[in-house]
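Biologist: I would like to learn how to read a few features from a model. Where do we start?

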Amino acid sequence: MKKDGRPSLALVIGSGGIKCAAAIGVLQVLETENIAIDMVVGCSGGAVYGAAIAQGFSADQLVETSAKAWTSDITRRINFSSLLKIIFPKRFGFDDEIGIIDDRIMAENIETIFGAKTTFADTRVPFYCVATDFHTGEPVVISKGKLAKAIRISSGIPIVFKPLEWEGKLLIDGALSNPLPVDVAIKAGADLIIALGFEPPLEHSVNSPVNFASQMFSILENQLLAKKFAFYNLAYHSEIIAIVPEFKEKIRCNDVSKVPFIVDQGRREAEKHIHYLKQALAMK
């Protein structure tokens, strides 16, 4: 409970790339009903929008965030050093910091949005970012330090983007260990949780290393998401409101032109649950 007696409300945005822009639609519904968010948890693509919401970005700013984060050139620059290590491991020395795509464009995009010096302490409401420990497979919750680097770590698809070091640990995409980190909000003391989740679609054809990595990642994430959310729903059903927009058409990571459609889907799904949310807020 908040000091004024209100129940605390958390927004958890799971992994989903640009589909996480559905959070904009959810935010629009909450703002219409004058419902405030007290904490935000983000994983992978959800970390981008989660951090922006925690900083107080408006809906228009969040749409601009989509265009700045998911630029068309984000996966075009090959990391030849990693490629040589993959093809000729004995000659060039294979290691655990492999990424097919050069991550500098991605990192620069994130810094453009949030600033290189912005920290978690600068957010308006508490923000938690989820990554995965490469060596143990355990989820790692980041809640202090440089915001841009934490977002880059959380949203770096394995094999596609290299892992990065954070406080002595080598970290990769949070979706590998906790694609919808509801438990983070529970541990942080949220009374009610809006859980915005996505099921990544499988590739129709696998004709490149990036598509191959994406296919394997989607299979793993779908299985993990189903198992974890089944547990959350069983153990904490009364406190969790699940919002899972369905996208029948293929949405790729840089489909910025589809953001209005994605936002609309998020808003439509949120509207289906707003009555129950208002009741739950009143009962707490």
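Modeller: With burial. A residue is buried when its relative accessible area is under 20%. Keep in mind that this model is predicted.

Biologist: Which residues are buried in helix H3?

Modeller: H3 covers residues 59–69, and its buried residues are Ala-59, Leu-62, Thr-65, Ser-66 and Ala-69.

Biologist: Where do the buried residues fall, seen down the axis of H3?

Modeller: Within an arc of 100 degrees, so they line one face of the helix.

Biologist: Now aromatic pairs. How is a pair of aromatic rings described?

Modeller: By the distance of the centres and the angle of the planes. Planes under 30 degrees apart count as stacked.

Biologist: How many aromatic pairs does the structure hold?

Modeller: Five. Take Phe-57 and Phe-114. Their ring centres are 6.0 Å apart and their planes are at 25 degrees, so this pair is stacked.

Biologist: Which parts of the chain does the pair link?

Modeller: Distant ones. Phe-57 sits in the loop between helix H2 (45–54) and H3, while Phe-114 belongs to helix H6 (residues 104–114). The two are 57 residues apart.

Biologist: Are Phe-57 and Phe-114 buried or exposed?

Modeller: Phe-57 has 16% relative accessibility, so it counts as buried. Phe-114 has 4%, so it counts as buried too.

Biologist: What about the rings of Phe-120 and Phe-127?

Modeller: Their centres are 5.7 Å apart and their planes are at 15 degrees, so they are stacked. Phe-120 is buried, at a relative accessible area of 6%. Phe-127 is buried as well, at 3%.

Biologist: Which residues do ring pairs link into a cluster?

Modeller: Phe-198, Phe-247 and Phe-261.

Biologist: Let us turn to loops. Where does Gly-174 lie?

Modeller: In the loop between strand E6 (169–173) and helix H8 (182–187). Gly-174 is buried, with a relative accessible area of 0%.

Biologist: Which residues does Gly-174 touch, leaving out those up to four places away in sequence?

Modeller: Cys-43, Val-130, Ala-131, Thr-132, Ser-154 and Pro-179. Compare sequence and space for another residue, Ser-15. Gly-174 and Ser-15 are 159 residues apart in sequence, yet 7.9 Å apart in space, C-alpha to C-alpha.

Biologist: And where is Asp-255 found?

Modeller: In the loop between strand E8 (240–243) and helix H10 (259–283). At a relative accessible area of 18%, Asp-255 is buried, since the cut-off is under 20%. Not counting residues up to four places away in sequence, Asp-255 touches Ile-18 and Lys-250.

Definitions and conventions. Residues are numbered from 1 along each chain as its sequence is written. This is a predicted model: local features need pLDDT of at least 70, side-chain atom pairs count only at pLDDT 80 or more; totals for chains, interfaces and linings use all residues. Side-chain values use heavy atoms; hydrogens and water are left out. Helices (H or I, at least four residues) and strands (E, at least two) are DSSP runs, numbered from the N terminus. Buried means under 20% relative accessible area, exposed over 50%, partly exposed in between (1.4 Å probe, protein chains only). Contact means heavy atoms within 4.5 Å. The arc is that of the directions from the helix axis to the C-beta atoms. Rings of Phe, Tyr and Trp (its six-membered ring) pair if their centres lie within 6.5 Å; planes under 30 degrees apart count as stacked, over 60 as edge-to-face and the rest as tilted.
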